[in-house]
Amino acid sequence: GAFGLDDWDDVDDGDWPTLLLGNGASRAVSSKFAYGSLFSVAPLTRDDRDLFDALDTTNFEEVLSHLRTASLVCGQLGHPASEVDDRYESIRDALIDAVNDHHVSWHEVDDGDRLLRIRGALLSYQAVFTTSYDLLIYWAMMNAGVPPGDGFGDLFWNGRHAFDPLDTSPFDNKTLVYWLHGGLHLYRTPAGETRKRTNNGAGLLATFASGSRLPLFVSEGTWRRKRSAIRRSDYLEHVYNTFAETAGRLVVFGQALGSSDGHLITAVLRDPTREVAYGIYPTTQHAANLQRAQVESHFPQANITFFDSSTHPLGDPALLVP
């Protein structure tokens with residue numbers, strides 16, 4: 001293959017049970033996902049940014065959560081909460097604008113058989129762990145099946161579409177999908193419960209940050225900040241621990257393992273000598289060599305195969321929305 005990388009067909013023997021999927025899979029579908037950070041592209045006001053700075057975070061969910069608590073406390077103490085509520089509205093609106101500007105629409109992705117092809121590729125794994133919080137994987141899961149989504153499981157299987165930490169055992173040989181950093185279709189109730197919005201198509205993007213439903217996703221930050229955000233949610237903590245407990249053969253696709261991914265590296269290293277198939281999107285020989293060296297330095301005992309991610313079904317150039 002190109003730049004000394006294997007083709008996926010030569011690596012795939014049908015026995016790779018676990019997939020770690022990152023933002024590169026979304027970029028294979030649309031260049032709209034190629035932004036560095038949601039915080040950097042959001043139309044935040046000076047006052048909004050000052051609040052992020054004061055809380056020392058760039059994670060929207062964290063700031064909105066603090067503001068909601070502040071509003072409640074103001075109300076209890078008889079202080080007017082209007083300024084706090086204005087900040088909440090302003091930041092929430094900036095988040096909605098940023099996501100809408102940088103997310104491909106359901107109609108664009110649904111054109112052709114893109115979602116079906118992504119769905120088919122995901123179904124070949126037993127477990128899919130994704131750090132992407134966009135809607136592509138959820139749309140692909142729900143794109144077929146009777147009922148829609150059949151073949152997949154996601155831990156939101158009780159009557160309220162809520163995560164129950166006491167009910168997490170897989171059943172029925174489904175492909176289980178885990179959102180390591182949350183998702184735009186997930187939200188946290190005021191009581192701290194994580195629930196899933198259910199709407200197959202275009203409507204999900206319009207409603208993700210509506211009303212008092214706080215979206216649950218870890219949009220950015222250092223890996224230590226991401227790790228502490230994960231600890232604040234029973235769902236995210238369960239997913240992270242489940243990923244850390246997976247052993248054996250692992251495919252890594254579209255997921256850089258750099259300085260902001262220390263928590264993922266730590267989890268993968270729980271089985272230090274595992275076999276890893278690592279996808280590299282080849283641009284130049286130099287870039288490919290650098291990425292190989294970085295990954296090899298993180299996992300010195302692992303048996304790593306590097307493949308050209310454009311030869312994997314999830315990196316097929318035909319998936320790109322024109």
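The lining of the largest pocket comprises 20 polar, 13 nonpolar and six charged residues. The model is predicted. The volume of this pocket is about 940 Å³. In total, 39 residues line the largest pocket. Nearest its centre lie G22, N23, G24, R27 and G254. Two secondary-structure elements, helix α2 (23-27) and strand β9 (275-280), each give at least two residues to this lining.

Two cavities of 30 Å³ or more are present in the structure. The largest cavity holds about 100 Å³ of space. Its lining consists of 14 residues, and L21, A25, S26, L136 and I137 are the closest to the centre. Helices α2, α8 (114-122) and α9 (136-141) each contribute at least two residues to the lining of the largest cavity. By class, this lining has nine nonpolar residues, four polar residues and one charged residue.

Five of the residues lining the second largest cavity are nonpolar, two are polar and one is charged.

Terms used
Residues numbered from 1 in each chain as written. Predicted model: local features only at pLDDT ≥ 70, side-chain atom pairs only at ≥ 80, totals over all residues. Heavy atoms only, no water. 1 Å grid on protein atoms, 1.4 Å probe; cavity = no way out; pocket = protein on both sides within 12 Å on 5 of 7 lines; lining within 4 Å. Points joined across faces, edges and corners; volume = space filled by probe spheres on them. Helix = DSSP H or I, 4+ residues; strand = E, 2+ residues; numbered from the N terminus. Nonpolar A, V, L, I, M, F, W, Y, C, P; charged D, E, K, R; others polar.
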